Amino acid sequence: EKNNIKTIATQERFMATFFTSYHNVVVDTYYTASEYTANFIKKSKYHDIKNIIPVGQYRSDYLSLYKKNAIPEEISKAKENGKKILVLLGFNAPNHWYESYTSLQANWSSQISFLEDAVKLSQKLKDTFIILRFKSLNWPLKTDPYFKNILNKLNNCENIILSENYRESFYSYKLCANADLVIAKHTSLADECLSHEIPVLFYDFTHNMKGIQSDAFDYSPSGLMCYNFEELLKKSKSLLFDSSSKLKDEIKALNKTIYYVKEKGN
């Protein structure tokens with residue numbers, strides 16, 4: 001401002017709109033994820049923006065690009081065998097157990113809880129192929145003895161795999177674009193999927209805590225937030241196998257409300 005230089009930014013994460021610390025935005029022009037986020041930001045005392053322009057979630061264009069195109073091999077093989085595709089999106093963990101103690105959602109105990117639930121889902125969801133995907137594998141899942149037992153369990157499950165392809169750009173988008181259901185610890189990719197009506201459930205609990213993200217925003221409200229494993233399993237079955245699932249109607253409604261953009265650009 002002092003040098004009369006204009007600042008422009010693009011919203012990176014839908015959920016960041018609703019946080020009251022460390023995601024505050026101070027710019028001249030801000031391209032937002034939807035009309036809803038634009039209106040929310042205009043009323044918020046936590047942002048200082050002169051010109052707000054709703055354009056949509058820009059990375060979600062990759063989902064359109066990869067839908068039924070460039071289908072990952074593990075998905076095409078499972079679909080040929082009549083399987084439903086479930087992509088499970090998890091967080092990375094800190095590299096050392098003592099560092100992980102202060103991380104509410106990504107401490108090592110929470111990671112074990114998440115992976116144990118992945119195994120239980122693979123056992124209880126018939127005719128379903130589960131792809132476990134993290135942002136990277138640059139944490140000790142495959143190297144530290146702490147994770148040895150759960151890793152063995154994963155390796156012994158016939159209908160679940162750990163995705164390890166990090167060579168291809170936007171590979172997570174290729175997986176999600178061709179999924180029947182995405183289950184996520186909250187990530188921007190989940191919001192991008194929902195904006196394209198790809199079914200998503202939020203894993204909003206861990207071994208000693210629930211309601212982690214919904215305290216910030218509960219999707220106005222919707223049934224997409226899951227607060228225990230039983231709820232996660234029941235809703236997964238509904239979205240995967242029930243053609244008249246009310247949850248699918250809720251996802252369509254979100255596209256007319258919180259994700260709506262009047263003039264979507266590229």
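## The second largest cavity

In this predicted model, the second largest cavity holds about 30 Å³ of space. Its lining is made by Gln105, Ala184, Lys185, His186, Phe202, Tyr203, Asp204, Gln213 and Met225. Sorted by class, that lining has four nonpolar, three polar and two charged residues.

## The largest cavity

How many cavities of 30 Å³ or more are there? The count comes to two. The largest cavity has a volume of about 40 Å³. Around this space you will find Gln11, Glu12, Phe14, Ala33, Gly56, Gln57, Tyr58, Arg59 and Glu192. The lining of the largest cavity divides into three nonpolar, three polar and three charged residues.

## Where helix 5 meets helix 9

Two packed helices are described by the angle between their axes and the distance between the axes. Here, helix 5 spans residues 108-124 and helix 9 spans residues 229-241. Their axes come within 11 Å and cross at roughly 40 degrees. The crossing of the two helices is right-handed.

Which residues make the contact? From helix 5 come Asp117, Lys120, Leu121 and Lys124, while helix 9 brings Phe229, Leu232, Leu233, Ser236 and Lys237. By class, the contact of helix 5 with helix 9 has four nonpolar, one polar and four charged residues.

Technical notes. Residues are numbered from 1 along each chain as its sequence is written. This is a predicted model: local features need pLDDT of at least 70, side-chain atom pairs count only at pLDDT 80 or more; totals for chains, interfaces and linings use all residues. Side-chain values use heavy atoms; hydrogens and water are left out. On a 1 Å grid over the protein atoms alone, a cavity is a set of points where a 1.4 Å probe fits but cannot get out, and a pocket is an open set with protein on both sides within 12 Å along at least five of seven lines; lining residues have an atom within 4 Å of a point. Grid points are joined across faces, edges and corners, and a volume is the space filled by probe spheres set on the points. Ala, Val, Leu, Ile, Met, Phe, Trp, Tyr, Cys and Pro count as nonpolar, Asp, Glu, Lys and Arg as charged, and the others, Gly among them, as polar. Axes are lines fitted to C-alpha atoms, for helices over the stretch in contact, and angles run from 0 to 180 degrees between N-to-C directions. Helices (H or I, at least four residues) and strands (E, at least two) are DSSP runs, numbered from the N terminus. A crossing is left-handed if the near helix is turned anticlockwise from the far one by less than a right angle, and right-handed if clockwise. Contact means heavy atoms within 4.5 Å.
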